Amino acid sequence: MNTSVVICVYTEERWEDIRQAIESVENQTRPAHELILVVDHNPDLHLKLKRAYPQAIVVENTHEKGLSGGKNTGVATANGEIVAFLDDDAVADAGWLEALEEGFQESGVVGVGGRTDPLWASQRRPRWFPYEFDWTVGCTYRGMPEVRAPIRNVMGGNAAFLRDVVSEVGGFHSGIGRSVQGRKSRPLGCEETEFCIRLSQRKPGSVMLFEPRAVIGHKVSKQRERFAYFRSRCYAEGLSKALVTKEVGTQDGLASERAHALKTLPLGALRGVGEAVRGDVGGLGRAAAIVIGLAWTTWGYVVGSVRLKAARS
């Protein structure tokens, strides 16, 4: 099988990040079939990338502005049997692509996601930041499998899908995931969650696989290390989850979240308190952040659900 790698980009401000992401793809132990750079409605960046990377396929997003539209453009452009997505502010380990491709050797697998580790701008994890909430910075979080295993949905910045399957189920839906209309846009997410659930519903027996050997490092800016961003991201996730459940139903849309909230998060809060008792004062901060994060995510979901009901009435 061969793989087209898609990197969605939108701003020159990330030029150095984009350069490092491209370099990491070009240094894979198993080369990509092709590298596709999808530029989100930024003609200047499009021209600059075409000049700087003639070996890549550089295209403009032909769909609605935002990450979902960019991904759909990448899939439509790709010729590989597999389409892999890498965030524009991430760096893939040399064996990333090989590990993703090997995941598709298992029966029924239509999507594979890898492990995403945070690369903190300040060089160290904030002491208050709970591992259970690493999803707020786009990274693999405590509660996910530690070995290769089926999962409900992959994380969009480190994932691969069979190209024909993506097209067959209608691609990624706009209006759920992150919009890149500017820095002040709310940090929404979940486009890959809705897509994976929709794919599984329409193609019963389809398997999403977590492959921890497919590793990338995801850069976490100083702004995203702040508690204000953490809280905002949790609230936005709740809003997005309300949209997801509207599309795919509450049972499938919240199955993993219920397990995480009822088991992983209480254990994490107790762990934080225990660590504080043993002398790690940051444990109290982590325990408090878990409680606040859960509360704000729940509140976002409630607000989003009420808004949707009001819009329908």
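The protein chain has 10 helices and 9 strands. With a radius of gyration of 19 Å, close to the 20 Å from the globule rule for 313 residues, the protein chain is as compact as a globular protein of that length. Please keep in mind that this is a predicted model.

Here are some overall values for the protein chain.

| Property of the protein chain | Value |
|---|---|
| Box filled by the C-alpha atoms, along the principal axes | roughly 55 × 45 × 40 Å |
| Accessible surface | about 14,200 Å² |
| Distance between the centres of the positive and negative side chains | 7 Å |

Carbon and sulfur atoms account for 53% of the accessible surface of the protein chain, and 53% of the 313 residues count as buried. As for charge, there are 40 positive and 37 negative side chains in the protein chain.

Contacts tell us about the fold along the sequence. If we take contacts in the protein chain between residues at least 6 apart in sequence, 76% of them join residues at least 24 apart.

Now for a single residue. Thr264 belongs to helix α9, which covers residues 255-277. Is Thr264 buried or exposed? Its relative accessibility is 16%, and buried means under 20%, so Thr264 counts as buried. Which residues does Thr264 touch, leaving aside those up to four places away in sequence? They are Glu132, Arg142, Gly143 and Ala259.

Methods
Residues are numbered from 1 along each chain as its sequence is written. This is a predicted model: local features need pLDDT of at least 70, side-chain atom pairs count only at pLDDT 80 or more; totals for chains, interfaces and linings use all residues. Side-chain values use heavy atoms; hydrogens and water are left out. Helices (H or I, at least four residues) and strands (E, at least two) are DSSP runs, numbered from the N terminus. Buried means under 20% relative accessible area, exposed over 50%, partly exposed in between (1.4 Å probe, protein chains only). Contact means heavy atoms within 4.5 Å. The radius of gyration is taken over C-alpha atoms; the globule rule is 2.2 Å times the number of residues to the power 0.38. Accessible areas come from the Shrake-Rupley method with a 1.4 Å probe; for residues, only the protein chains shown count as cover. Lys and Arg count as positive and Asp and Glu as negative; His and the chain ends are not counted. The place of a charge is taken as NZ of Lys, CZ of Arg, CG of Asp or CD of Glu.
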